[in-house]
Amino acid sequence: MFLQSTFSKLAVTAATGALALATAATPALAATPTAAPEKNASTKAEAPHYKGRVIAKSGLLIRSGPSQKHKVVGALPYGTVVNIVCKVNGQNVDGNPRWYLLSNGKWTWGAARYIVNIGAAPHWC
């Protein structure tokens with residue numbers, strides 16, 4: 001009797017677990033798109049989830065890579081809100097080695113020393 005009772009409890013527990021798993025997975029499966037989104041330049045422009053504000057009083061030089069050795073490709077004035085894609089360690093600028101990959105119409109790099117995060121800090125590239 002004990003063996004049959006224990007077996008019955010295990011069977012009910014397993015069935016309940018399987019039912020719970022199936023129920024939890026159903027909404028996720030229904031929400032899954034049938035085709036993967038097309039990856040193109042416009043998709044990349046929509047990627048940033050992080051924001052920052054330029055705090056360099058004289059403005060921020062933006063560059064083609066994460067160091068002051070890379071070519072200057074533009075400048076952003078003080079107070080400009082930027083889209084940050086991700087962060088990397090690069091050349092140390094005033095004690096801060098972080099550089100942010102920015103996406104404001106074109107892909108550029110800015111020294112994190114001169115950008116304050118608005119909200120969460122960006123993830124690593």
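A contact means heavy atoms within 4.5 Å. With that noted, I looked up how far contacts reach: of those in the protein between residues at least 6 apart in sequence, 50% join residues at least 24 apart.

Before going on, I wrote down that this is a predicted model, where local features need pLDDT of at least 70, side-chain atom pairs count only at pLDDT 80 or more, and totals for chains, interfaces and linings use all residues. Residues are numbered from 1 along each chain as its sequence is written, and side-chain values use heavy atoms, with hydrogens and water left out.

Next, the elements. I found two helices and seven strands, in the order α-α-β-β-β-β-β-β-β from the N terminus. Both kinds are DSSP runs numbered from the N terminus: helices are H or I, at least four residues, and strands are E, at least two.

Then I followed β4 (residues 81–93). β4 pairs with β1 (residues 50–54) in the antiparallel sense over four bridges; a pair needs at least two DSSP bridges. Gly52 stands opposite Val82 there. β4 also pairs with β5 (residues 96–103), antiparallel again, over six bridges, and Cys86 faces Leu101 across that pair. Two residues sit between β4 and β5 in their hairpin, and Asp94 takes a positive phi near 50°.

Last, I checked Trp107, in strand β6 (residues 107–111). Buried residues make up 26% of the 125 residues.

Definitions and conventions. Buried means under 20% relative accessible area, exposed over 50%, partly exposed in between (1.4 Å probe, protein chains only).
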